[in-house]
Amino acid sequence: MTPEQRLLQELADTWHSTIPLSAFMQICPRRYDGIQFEVSAPLEPNINLHHTMFAGSIYTLMTLTGWGMLWLKQREAGVEGSIVLADASVRYLAPVTGAPLAKVSWSGDDMTPLTRGRRIKVTLLVELWCEGELCASFEGRYVSLPH
């Protein structure tokens with residue numbers, strides 16, 4: 001297992017042990033290259049009466065994708081903080097009819113204030129794709145509070 005795979009497994013374990021909904025939804029971190037992070041979840045446990053992905057599941061998947069990106073960047077920087085979603089907005093653009101893939105790119109924010117006992121604020125844009133179509137966009141403002 002590569003260091004990247006170990007980090008993604010640690011993130012999945014963290015989500016599933018501390019946010020039970022993430023385990024039920026079968027949310028899975030897929031790929032991380034230091035700049036872009038991708039997360040998936042199967043459609044089946046997240047389906048609604050229209051046989052598309054439930055809006056609450058879309059929101060949760062996108063929220064955790066942004067949260068996970070900040071968590072990964074903290075790990076890379078060797079700093080710790082309690083991450084919370086302070087504000088968010090989502091646009092549902094098209095029905096999710098297959099396996100969704102949430103994608104986020106790092107905004108380039110500096111993590112060093114956490115090492116000095118100060119909080120950081122990061123705004124992340126998450127996109128949800130399905131079968132090559134952009135189905136939802138999410139903007140989340142996350143705050144990480146120093147331990």
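Predicted model: local features only at pLDDT ≥ 70, side-chain atom pairs only at ≥ 80, totals over all residues.

Trainee: Which pattern does the protein follow along the sequence?

Mentor: Helices (H or I, at least four residues) and strands (E, at least two) are DSSP runs numbered from the N terminus. There are four helices and six strands here. Read along the sequence, they give α-α-β-β-α-β-β-α-β-β.

Trainee: What radius of gyration does the protein have?

Mentor: The radius is taken over C-alpha atoms, and the globule rule is 2.2 Å times the number of residues to the power 0.38. For 147 residues that rule gives 15 Å, and the protein comes close to it, so it is as compact as a globular protein of that length. The radius of gyration is 15 Å.

Trainee: What share of the residues is buried?

Mentor: Buried means under 20% relative accessible area, exposed means over 50%, and partly exposed is in between (1.4 Å probe, protein chains only). Of the 147 residues, the buried ones make up 44%.

Trainee: Among contacts between residues at least 6 apart in sequence, what percentage joins residues at least 24 apart?

Mentor: A contact means heavy atoms within 4.5 Å. Counting the contacts between residues at least 6 apart, the share that joins residues at least 24 apart is 67%.

Trainee: How many aromatic pairs does a search of the whole structure find?

Mentor: Rings of Phe, Tyr and Trp (its six-membered ring) pair if their centres lie within 6.5 Å; planes under 30 degrees apart count as stacked, over 60 as edge-to-face and the rest as tilted. Tyr 32 and Phe 37 make an edge-to-face pair, 6.2 Å centre to centre with 80 degrees between the planes. Tyr 59 and Phe 138 have centres 5.5 Å apart and planes at 75 degrees, so that pair is edge-to-face. The search finds two aromatic pairs.

Trainee: How many residues apart in sequence are the parts that Tyr 59 and Phe 138 tie together?

Mentor: Tyr 59 is partly exposed at 29% relative accessibility, while Phe 138 is buried at 2%. Tyr 59 sits in helix α3 (residues 55-77) and Phe 138 in strand β6 (residues 133-146), so the pair ties together parts whose separation in sequence is 79 residues.

Trainee: Which residues is Asn 48 in contact with, leaving aside its neighbours within four places in sequence?

Mentor: Asn 48 is in the loop between β2 (36-40) and α3. Its relative accessible area is 17%, so Asn 48 is buried. With those neighbours left aside, the contacts are Met 53 and Phe 54.

Trainee: What is the phi of His 51?

Mentor: Most residues other than glycine have a negative phi. His 51 lies in the loop between β2 and α3 and counts as exposed at 59% relative accessibility. The phi of His 51 is positive, near 65 degrees.

Trainee: And what is the phi of Glu 131?

Mentor: Glu 131 lies in the loop between β5 (120-130) and β6. Glu 131 is exposed, with a relative accessible area of 66%. Although Glu 131 is not a glycine, its phi is positive, at about 50 degrees.

Key
Residues numbered from 1 in each chain as written. Heavy atoms only, no water.
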